[in-house]
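Biologist: Hello! I am new to this structure. Could you walk me through it?

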Amino acid sequence: MALTPDEVAKLAELARLSIDSKDAESTASSVSDILHMIDQLKKVDTSAVAALSHPMDLAQRLRPDEVTESNQRDEFKKIAPSVERGLYLVPRVIE
Amino acid sequence: MHNKTIREILNDLASGEYSSREITSSLLDRIKKLDPELNSFISLTEDQALAAADSADSARSRGEAKGLCGVPIAHKDIFCTKGVRTSAGSKMLDNFIAPYDATLVKNVADSGAVCLGKTNMDEFAMGSSNETSYYGPVKNPWDTDRVPGGSSGGSAAAVAARLVPGATATDTGGSIRQPASLCGVTGVKPTYGRVSRYGMIAFASSLDQAGPIARTAEDCALLLESMAGFDPMDSTCIDKQVPKYSESLTDSIKGLRIGLPKQYFNADINSEVGTLVDNALNELKNAGAELVEVDLPHADLAIPTYYVVAPAECSTNLSRYDGVRYGYRCEDPKDLKDLYCRSRSEAFGDEVKRRILVGTYVLSAGFYDAYYRQAQKIRRLVQQDYITAFEKADLIASPAALSTAFKFGEKTADPIQMYQEDLYTIPANLAGLPAMSMPCGLIEGLPIGMQFVGRQFEEARMLNAAHQYQMLTDWHTQSPSEYGSAK
């Protein structure tokens, strides 16, 4: 599977990345190389195999619905790039 | 003092040979003198270390010394340390002061260990040479023109250079074992779920596992005892008693069955590496182990499987870096999308971006079944191979890495070639099995490691065999001449 620089740009947009136009060719080529490498998986017949999403085959553990953590809002705000009156600031979303 | 192992330091502290403050200061001085060249640390936490050493000394004087009381260690900079920068080797987190401690960090501190600082690593643990770190590559103390391996290259190099007797690390596809091999130290990747991942910056959540790097299997056993244990904060951490690994090290290995996968011991193996691993296996055989051939028919599919699963999980995990709540934010974003795109593009390095792109692709509609679902199915086949092989063998041995440390820049141009570095290590992550690397020889003055893989939760058996091997040989005591006892 070889991707064109345009396809990689689309992929980058989905991942909220932007690829510099001068790197477009080389990124497309290295991503295509990786896709080519993983393409060999397609040759394996796995029709009778169940997917393994996790090595331990665990069930989700439940816990009592109790408050276990204290509010650390101020701690978390301290490390944010831009905060005003306890709120995260971002560029205007709604005009 | 810097040549002492953790076991020796514990004995010396107990007998009053020196205090924790003395060895802590001495190692901090050594780091300040030697690390500017090696670059194995991203941050030194000198004040906290000295304070921790003092409280360890006073605990000891009150007769309250436990676990690793007073032993200097370092944490890979992927573990959150409250009030201390936790960068994951990325520009994205260069300004990130963790607001809490990882459970592992807390456990190790509770055992009395003294953290000297945070070690360098490939960006978000994605790399096999430490060349993707935002803070520059770590140099291999055995030859500073060469890579230390990765992603835990800082931890491995710091231990090899005798800057610290032990360090924590993480392993998603070989990031403990491959640098341990390239730096001539011992490293353990425990069973998935043995050590809490809470506060460990996520790369690929179904594969990531934390473990120790030290000079000996015995020291790794001591470190692992303090790191491991159930944690309700990590939903995949297993609620299972942590054995006293250090107490079964001297058990006899008579009758231990060591499996040799025919897919690895064949014409493709680097012949010098193969000879050294054969020598090591002969030592174990002389000590009473039996060598048996085992079959891992899907071994050749492990790397492609990994390069679907790991990028898929990485693209999901790294979507949290949005420039809003913490981490890097671009200047003057014109709208929200621009804020996301530029913050991420300016702060992630090329390898991280590449893996996010691959992960986004294999998870996208129309490709999910062909790539991601298929890889998960093959992951089961890889795991099944091990379950079958472990009917015939108690441990599985192989080289830990393809060859000795390579030169800077040698593999950076071709990601696929770099990915091959983890040929021997990736299957244990896919199958969730414990595995370790230990030094088994030198080729032209550069170390090479042998790998053991064990059954789930059988770290004790693996550490026992490694300790017995280290009692019979002295490869683990070799040090790079410039950084060993001479300096």
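Predicted model: local features only at pLDDT ≥ 70, side-chain atom pairs only at ≥ 80, totals over all residues.

Biologist: Which helix gives the most to the side of chain A that touches chain B?

Modeller: Two helices of chain A, H1 (5-14) and H2 (24-38), each supply at least two residues of that side. The one that gives the most, with 8 residues, is H2(A).

Biologist: How do the residues of that side of chain A divide into nonpolar, polar and charged?

Modeller: Chain A has 50 residues in contact with 68 residues of chain B. On the chain A side, the division is 32 nonpolar, 10 polar and 8 charged.

Biologist: Which side chains meet in a salt bridge?

Modeller: The count between chain A and chain B is 1 salt bridge. Its N to O distance is 2.4 Å, and the side chains that meet are those of B:Lys337 and A:Glu13.

Biologist: Which three residues supply more than any other three of the area that chain A buries against chain B?

Modeller: The area buried between the two chains is about 5100 Å², with carbon and sulfur atoms giving 69% of that area. Of the part that chain A buries, 13% comes from A:Leu41, A:Leu52 and A:Arg61.

Biologist: What ipTM does the predictor give the complex?

Modeller: For chain B, the average pLDDT is 97, and 99% of the residues score at least 70. For the complex, the predictor gives a pTM of 0.97 and an ipTM of 0.96.

Methods
Residues numbered from 1 in each chain as written. Chains lettered and ligands numbered in written order. Heavy atoms only, no water. Contact = heavy atoms within 4.5 Å. Buried area = accessible area lost by both parts, 1.4 Å probe. Salt bridge = Lys/Arg side-chain N within 4 Å of Asp/Glu carboxyl O. Helix = DSSP H or I, 4+ residues; strand = E, 2+ residues; numbered from the N terminus. Nonpolar A, V, L, I, M, F, W, Y, C, P; charged D, E, K, R; others polar. pLDDT = per-residue confidence, 0-100.
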